[in-house]
Amino acid sequence: MAALRKIARRTFLVGSVAVAGGVVFGVRSYNARLENPLTARLGTGEAALTPYVKISAHRITIITPRAEMGQGIHTTLAAMVAEELDVELSDIRTEHGPPSSAYYNGGVVEEGYPFPATDMGAVAEFARAQRDIPAVFLSYQITGGSTSTHDGYEKMRAAGAVARETLKLAASARTGLPAATLTTQAGAVILPNGQKIPYTDLAMDAAAIDPPRTPELRPKADWRILGKSQDRLDVVDKSTGAAIYASDIRLPGMRFGAVRRNPYVRGDLATFDATEALAMPGIDAVVDIGNGVVVVAETTWAAMQALDAIEYEWKNPSLPRDTEGHFDVLARAFIPENLDSRQRDDGDVEAAFEGADIIEAEYRVPYLAHATLEPMSAATWLDGDTLRIWTGTQGPTVARREAAKAAGLEEDAVELTTTLLGGGFGRRGEMDFVQIAAKVAVALPDVPILVTYPREEDMSRGPYRPASIGRFRAAVTDGQLTAVDISSTSPSIFRGITERGGSPAPIPDFVPDFTISQALWDQPYGIENYRASAYRSPDLLPASFWRSVGASQNAFFHECMMDEIAVAAGRDPVEMRLGLITDDPSRRVLEAVAEMSDWGVARGPDRALGVAFSLCFSAPTAQVVEVMQTPNGLKVTQAWVAVDVGVALDPRNLDAQLISGVNFGLGAAIGEKITVTDGMVDQSNYHDYPPMRMYQSPIIHTLILENAPHIRGIGEPGTPAAAPALANAVFALTGQRIRTLPLGDSIPFI
């Protein structure tokens with residue numbers, strides 16, 4: 001095997017990924033060149049053919065630019081590259097990409113467009129084709145919004161194809177044979193006589209060759225890996241404890257920090273007395289972080305105990321003192337001055353209400369915590385002039401920027417390594433834990449420190465899925481729905497995350513916050529008179545991205561509304577929705593879930609079904625939930641869910657993510673809430689913030705469809721329809737229309 005030197009492709013042609021089809025093609029293939037971020041990190045004998053493929057004399061590594069937080073994306077992204085590169089998944093390993101614009105996520109840009117996902121017109125498609133331009137310039141290296149799959153679908157396969165063809169050119173140069181006579185298989189170039197030259201032998205030769213433009217990608221009919229269920233690449237390490245999360249980082253001489261912030265959320269620290277804490281054994285320092293302190297000690301437990309020995313004087317912010325006060329602020333927010341957006345205003349709603357039977361109602365949802373299983377943590381080490389950070393983050397470029405600002409350093413003085421994430425759900429898109437860890441590193445230079453949030457710290461300080469109120473009026477005439485006026489309000493996630501430093505770029509207040517209106521205005525119901533309004537309330541508790549974001553509350557508002565309308569009109573809820581839906585893939589998921597669940601077949605007096613639909617992150621999803629009356633309360637017995645992802649790359653992982661999303665949504669609907677008393681959050685841990693337990697989880701039946709025109713992700717679409725489907729099932733069984741979550745506050749569940 002040839003000895004390899006250290007060499008790397010310096011740039012990667014972004015425009016090599018082309019989209020077929022007329023004007024879209026011509027504009028999409030611009031010639032932006034990005035520095036290959038692997039160049040500075042290569043070891044001796046390694047070559048990087050693109051930012052996504054690294055080959056040494058011993059192995060092939062695929063760089064997966066999105067965070068692996070349990071959703072299986074590393075396996076799916078690696079499969080995209082492996083498919084075109086002609087390697088087996090069992091023969092490669094994966095790594096998180098370093099912070100770099102080269103790992104931009106164009107898919108996340110699409111979600112903010114003012115076009116519904118069902119709009120396939122030329123303007124909407126043109127805008128989608130431009131998504132990568134702002135993503136590159138703003139360094140949108142973000143994992144979120146179920147965008148990893150559809151962002152990487154062409155980009156990652158193209159990276160594999162370019163690497164494959166470059167390796168063939170290297171083999172051609174070495175053997176003198178025309179490249180057209182060479183093929184590839186199982187990590188090797190195959191010569192016409194059957195001789196195999198492993199990629200690991202050719203990598204250094206290939207690294208010296210200019211890569212070709214992206215060859216035509218293989219059609220679906222020729223796929224060997226994609227479209228089939230794969231064993232997760234991380235399952236062995238995660239099952240045996242070998243997987244490394246931020247909380248597992250250990251360095252020579254490492255010390256351990258624990259965080260305590262103001263229990264009056266959004267308040268600062270006035271003064272503190274750490275005399276007693278500093279006298280405790282094993283305590284190194286107490287670091288003032290502005291709104292709290294970090295104790296650094298020889299163990300995390302010692303640091304946590306010392307936090308309790310400190311006397312604090314907190315500043316109390318001017319927020320409502322209790323939960324009722326927070327909802328009073330929300331209830332007063334439905335005024336023209338607070339109108340954030342009105343992205344749908346069809347027909348003449350007010351005229352349609354005249355003389356019609358009007359039904360109206362108000363719905364409420366609480367603050368929710370992310371409750372990640374791995375506590376929030378980051379390891380830091382100010383090593384001379386370099387700040388080294390190891391953390392699980394959904395935004396590496398933003399994390400590096402925020403660490404540099406907190407430490408008072410230039411960005412190029414910060415080296416950030418993304419570890420595995422023990423659950424994210426949006427929480428690790430925030431940067432507070434990185435900012436705090438960087439401040440502690442500066443306070444104790446040359447000392448490696450692992451800073452950890454105690455569970456109670458994260459649960460009781462946030463940030464949270466915002467509390468929200470939804471209101472609707474609807475007109476029904478002769479059993480037909482003739483008008484809808486629906487609105488919702490919540491604090492702005494955009495404003496909060498900009499203030500906290502979690503946004504790739506500042507988002508000015510005049511830009512509508514699509515998270516307030518998400519899944520409210522863009523649902524594919526063909527209602528002639530339809531108005532959807534989003535109101536931005538004053539800031540309350542810190543509002544953040546939570547799995548499925550605005551759809552998590554707006555689907556509850558919208559689909560419970562549709563159920564109330566069906567009851568008022570004397571219509572079957574499925575039949576009425578099918579009569580209104582104008583999008584064919586959306587109609588098919590609803591038809592499928594009705595067939596799967598035997599909708600319309602009597603269940604007996606102790607059981608009932610509820611249905612809901614949600615178009616969330618461009619993936620139409622329909623759910624039916626069955627509840628059963630028991631002597632001790634309601635039990636959720638079964639759930640059926642159908643979703644259309646356009647192209648199903650890994651059916652088993654899609655199935656797993658749907659089941660996860662349904663359980664996540666049902667758990668929140670039944671029992672999760674964050675409440676406020678005397679200005680402080682009441683909940684602190686899993687004992688008083690109960691996610692769904694295993695015995696509560698229903699049997700979940702899934703179906704993946706492929707009728708949609710674009711490929712879509714699945715991390716979040718399974719969640720939004722769960723709550724309204726459950727609430728509608730409760731109404732069907734008990735006649736009790738519960739309009740406030742969690743449902744368990746109004747009726748007992750087992």
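Q: Why is D509 called partly exposed rather than buried or exposed?
A: In this predicted model, D509 has a relative accessibility of 44%. Buried means under 20% and exposed means over 50%, with partly exposed in between, so D509 counts as partly exposed.

Q: What makes R536 and D509 a salt bridge?
A: The closest N and O atoms of R536 and D509 are 3.2 Å apart. The cut-off for a side-chain nitrogen of Arg and a carboxyl oxygen of Asp is 4 Å, so the pair qualifies.

Q: Why is R536 called buried?
A: The relative accessibility of R536 is 9%. Buried means under 20%, so R536 counts as buried.

Q: What makes E84 and R164 a salt bridge?
A: The side chains of E84 and R164 meet at 3.0 Å, N to O. The limit is 4 Å, so this pair is a salt bridge. E84 belongs to helix α2 (residues 73-85) and R164 to helix α6 (residues 148-175), so parts that are 80 residues apart in sequence are tied together.

Q: How do you know whether E84 and R164 are buried or exposed?
A: E84 has 0% relative accessibility, and R164 has a relative accessible area of 6%. Buried means under 20%, so E84 is buried and R164 is buried.

Q: Why is the pair R131 and D132 called a salt bridge?
A: The closest N and O atoms of R131 and D132 are 3.4 Å apart. The cut-off is 4 Å, so the pair counts as a salt bridge. R131, at 10% relative accessibility, is buried, and D132, at 2%, is buried.

Q: What makes E430 buried?
A: E430 has a relative accessible area of 1%. Buried means under 20%, so E430 is buried. The place of E430 is in the loop between β20 (414-418) and α14 (432-443).

Q: What makes the pair E430 and S544 a polar contact?
A: The side chains of E430 and S544 are joined at 2.7 Å. A polar contact needs N or O atoms within 3.5 Å, one able to donate a hydrogen and the other to accept it, so the pair counts as a polar contact. Leaving aside neighbours within four places in sequence, E430 is in contact with P463, I497, R500 and S544.

Notes
Residues are numbered from 1 along each chain as its sequence is written. This is a predicted model: local features need pLDDT of at least 70, side-chain atom pairs count only at pLDDT 80 or more; totals for chains, interfaces and linings use all residues. Side-chain values use heavy atoms; hydrogens and water are left out. Helices (H or I, at least four residues) and strands (E, at least two) are DSSP runs, numbered from the N terminus. Buried means under 20% relative accessible area, exposed over 50%, partly exposed in between (1.4 Å probe, protein chains only). Contact means heavy atoms within 4.5 Å.
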